[in-house]
Amino acid sequence: MNIDFPHRQSAHCESGVTANLLTHGGIKISEAMAFGIGSGLFFGYVPFLKMGGLPLITFRGAPGCIFRKAARRLGVEMAQEKFRRPERAREALDRLLAAGVPVGAQTGAYWLPYFPAALRFHFNGHNLVVCGREGGDYIISDPVFPGLVRCPAEDLDRARFSKGALAPKGRLYHLRRLPDQIDLGAAALAGIRDVCRIMLKTPVPFAGIRGMHLLARKLERWPAKLGDSQAALHLGHMIRMQEEIGTGGGGFRFIYAAFLQETAALLGRPELQLLSERMTAAGDRWRSFAVGGARICKGRPLPEDTYEALARRLRACAEEERQIYSDLQEVAR
Amino acid sequence: MRKTEVPQDACLLEGQQEVCYAVDENGRYVLAPSSGWEPANIANIQAWELIREQVAAVFAAVREGRKSPLAYHMARHQMDPALLGSYVGLPRWRVRRHLRPAVFTKLKPALLERYAVLLKISVAELCTVPERPEIVVPRIDE
């Protein structure tokens with residue numbers, strides 16, 4: 001029982017899953033488009049939420065958001081389910097597969113045997129599509145991998161019921177019904193408005209532009225407050241969240257720039273193309289932050305690599321993005 | 001990032017490539033494969049070095065009889081008592097007690113079995129530690 005599924009390797013797991021599921025359902029969209037419509041771009045720094053002693057730093061929204069929001073904005077009816085018992089969760093998966101439905105699943109990364117050792121961390125926000133079963137193995141379209149992979153059923157059960165922060169609880173999701181007509185342009189603009197709102201007008205100081213400034217203030221004080229080795233660990237953690245596989249580079253800024261470019265062509269709005277170019281420049285600035293930060297982590301900083309300089313660069317990123325979002329807001333109004 | 005600048009540094013992903021978004025010579029965004037990027041690799045290896053140090057410290061404590069072998073197996077799987085407890089269905093304080101050698105040696109076989117199944121090892125392995133700490137740290141393929 002194998003479903004013919006249009007697997008495409010993607011930069012990010014959830015936008016990849018969303019794009020591939022929608023494409024299978026008949027709405028052919030790119031990963032960048034799914035990411036933008038689902039308003040996946042975000043920044044959050046929550047110093048009091050710790051994972052392994054390190055603060056929560058994220059460049060994307062909460063797991064599940066991209067799919068849910070993209071489906072809503074496109075008028076797609078989705079279904080999702082969580083489970084208490086692994087046996088029930090497996091039955092539900094098998095039932096959907098038998099009906100020819102490819103199923104999205106949230107899993108932990110740690111227990112997936114096909115993951116490279118370097119990425120085996122207890123991270124519960126991974127997404128994949130189960131698109132078949134052969135004997136004791138599931139056939140999986142994991143968007144960050146080049147081709148389909150196999151995973152023994154017991155290991156998938158484990159991954160679906162991994163524990164800790166954001167535990168997936170076996171969460172499954174799939175498309176239930178597609179609309180007769182879709183308005184990709186309107187959905188894209190709605191996605192843009194949502195990102196601008198959360199980045200510019202957040203009521204909490206941990207998110208959006210305010211979150212970047214908060215992080216810049218804290219980052220400056222890391223060496224004095226935490227000592228050199230802990231400060232370097234915090235910095236490395238931030239670089240991992242920004243650049244490790246699954247962001248498409250520059251903390252999702254490049255994938256978002258790709259989305260803006262596609263939307264510019266779709267709607268015939270050249271001003272969005274200019275904003276795409278500015279977003280690319282913002283991504284490049286984040287990358288240069290990572291380059292300097294990594295030199296500190298490695299213990300080989302150049303004279304200009306200080307925490308103060310990094311904080312300055314972070315503030316420059318924040319101000320540059322503030323301008324981008326306010327201009328974007330005007331365009332998408 | 002331009003397509004020609006997509007980094008092709010050392011790979012940590014066992015030869016597998018990831019994809020990045022980059023701008024081609026006509027200014028169009030394309031998906032470009034990347035084998036790896038050094039700053040990201042440095043941050044990843046730093047995280048693994050920390051895990052390795054933590055496992056080594058716990059391993060030494062087990063060898064000296066200050067902690068039970070469970071502490072080593074827990075650290076090897078990057079877990080803390082709360083996470084391990086949620087996997088085996090025990091509160092954190094009970095897992096913490098089981099890290100004491102005197103308590104661990106008196107555990108009932110059924111409980112040992114639960115730990116062993118979760119950690120994918122036999123009960124005999126659970127009650128000992130190997131010759132040296134076993135932890136798979138990613139290696140760099142040049």
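The lining of the second largest pocket has eight nonpolar, one polar and eight charged residues. Here Ala, Val, Leu, Ile, Met, Phe, Trp, Tyr, Cys and Pro count as nonpolar, Asp, Glu, Lys and Arg as charged, and the others, Gly among them, as polar. This is a predicted model: local features need pLDDT of at least 70, side-chain atom pairs count only at pLDDT 80 or more, and totals for chains, interfaces and linings use all residues. Residues are numbered from 1 along each chain as its sequence is written, chains are lettered from A and ligands numbered from 1 in the order in which they are written, and side-chain values use heavy atoms, with hydrogens and water left out.

Stay with that pocket. Its volume is about 450 Å³. Of its 17 lining residues, Pro86(A), Arg158(A), Phe161(A), Lys163(A) and Tyr87(B) are the closest to its centre. Helices α4 (86–98) and α5 (153–160) of chain A and α3 (81–88) and α6 (109–119) of chain B each supply at least two lining residues. Helices (H or I, at least four residues) and strands (E, at least two) are DSSP runs, numbered from the N terminus.

Helix α5 of chain A also holds Asp155(A). Is Asp155(A) buried or exposed? Asp155(A) is buried, because its relative accessible area is 12%. Buried means under 20% relative accessible area, exposed over 50%, partly exposed in between (1.4 Å probe, protein chains only). Beyond its neighbours within four places in sequence, Asp155(A) is in contact (heavy atoms within 4.5 Å) with Trp111(A), Pro113(A) and Lys120(B).

The largest cavity has a volume of about 200 Å³. Of its 21 lining residues, the closest to its centre are Glu243(A), Glu244(A), Ile245(A), Glu18(B) and Ala40(B). From chain B, β1 (18–23) and α1 (38–63) each supply at least two residues of this lining. The lining divides into nine nonpolar, eight polar and four charged residues. On a 1 Å grid over the protein atoms alone, a cavity is a set of points where a 1.4 Å probe fits but cannot get out, and a pocket is an open set with protein on both sides within 12 Å along at least five of seven lines; lining residues have an atom within 4 Å of a point. Grid points are joined across faces, edges and corners, and a volume is the space filled by probe spheres set on the points.

Last, chain B has domain 1 (3–36) and domain 2 (53–126), by an automatic or database domain assignment. Their C-alpha centres lie 42 Å apart.
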